[in-house]
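User: I have a model open and want to go through a few sites. Keep it brisk, please.

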Amino acid sequence: MTNTATTAKPTSNSHSAAPAENGALVSTQGVTTIADTVVQKVAGLATREITGVHALGGGAVRAFNALRERIPGATASAGQGVSVEVGERQAAVDLQIVVEYGVAIADLAKSVRRNVIGAVEQMTGLEVVEVNINVSDVHIPGDDDTDEQPESGRVQ
């Protein structure tokens, strides 16, 4: 019985080590504040790194950003399809993604979660408490060809 209690103590110590590590943002020498947009961009870029993620955002957001990309000098937002809640020591991330057809969504979600948590925690020092993923669409390779045909007739 004593061994079981001893085993439980290191587990709780390892959990308490994470907040101490995240406490580096608040010290006697000052406070470091991480803006929501920073976490949003880091999470968006980390999501796009995973093979099988076609795009981020719902249909309306993707259409708006496609228009924005046509404006000279404008770029799509790295935080597209990403919403975050950021506290002093913790962050929560919500993602809306489009997956490639044929990809195992459960495995993809696990990879995205692992990459987003790793990137956000490493870059910001914030503890990521959750990453919620909403798969809003499946990209079929032939779909892009039909979308581009009407646009090719436009004068540029």
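**Sites, contacts and a patch**

User: Where does alanine 24 lie?

Analyst: Alanine 24 sits in the loop between helix H1 (2–22) and strand E1 (26–27). Helices (H or I, at least four residues) and strands (E, at least two) are DSSP runs, numbered from the N terminus. Residues are numbered from 1 along each chain as its sequence is written. The model is predicted, so local features need pLDDT of at least 70 and side-chain atom pairs pLDDT 80 or more, while totals for chains, interfaces and linings use all residues; side-chain values use heavy atoms, without hydrogens or water.

User: Alanine 24, buried or exposed?

Analyst: Alanine 24 is exposed, because its relative accessible area is 62%. The cut-offs: buried is under 20%, exposed is over 50%, and partly exposed is in between (1.4 Å probe, protein chains only).

User: How far apart are alanine 24 and arginine 89 in space?

Analyst: C-alpha to C-alpha, alanine 24 and arginine 89 are 9.2 Å apart. In sequence, 65 residues separate the pair.

User: Zoom out. How many helices and strands are in the protein chain?

Analyst: The protein chain has five helices and six strands. The order from the N terminus is α-β-β-α-β-α-β-β-α-β-α. Of the 156 residues in the chain, 26% are buried.

User: Next, glutamine 80. Where is it found?

Analyst: Glutamine 80 is in the loop between helix H3 (59–70) and strand E4 (82–86).

User: Is glutamine 80 buried or exposed?

Analyst: Glutamine 80 counts as buried because its relative accessible area is 10%.

User: What does the side chain of glutamine 80 reach?

Analyst: It reaches the backbone oxygen of leucine 56, at 2.4 Å. A polar contact is a pair of N or O atoms within 3.5 Å; within protein, one must be able to donate a hydrogen and the other to accept it, and sequence neighbours count only if both atoms are side-chain atoms.

User: And threonine 124? Which helix is it in?

Analyst: Threonine 124 is in helix H4. At 6% relative accessibility, threonine 124 is buried. A polar atom of its side chain lies 2.5 Å from the backbone oxygen of valine 120. The backbone nitrogen of leucine 126 is 3.1 Å from a polar atom of that side chain.

User: Which strand holds valine 128?

Analyst: Valine 128 is in strand E6. Valine 128 is buried, at 8% relative accessibility.

User: Now the surface. Which residues form the nonpolar patch?

Analyst: Tyr101, Val138 and Ile140 form it, with about 310 Å² of accessible area together. Patch residues have over 30% relative accessible area and no salt bridge; like charges are joined within 9 Å, nonpolar side chains (Val, Leu, Ile, Met, Phe, Trp, Tyr) within 5 Å. Areas are Shrake-Rupley with a 1.4 Å probe; for residues, only the protein chains shown count as cover. A salt bridge puts a side-chain nitrogen of Lys or Arg within 4 Å of a carboxyl oxygen of Asp or Glu.

User: Where is valine 138?

Analyst: Valine 138 is in strand E6 (residues 127–139). At 33% relative accessibility, valine 138 is partly exposed.

User: Last one. Where is glycine 102?

Analyst: Glycine 102 is in the loop between E5 and helix H4 (105–124). Its relative accessibility is 68%, so glycine 102 counts as exposed. Glycine 102 and histidine 139 are 37 residues apart along the chain, and their C-alpha atoms are separated by 9.4 Å.
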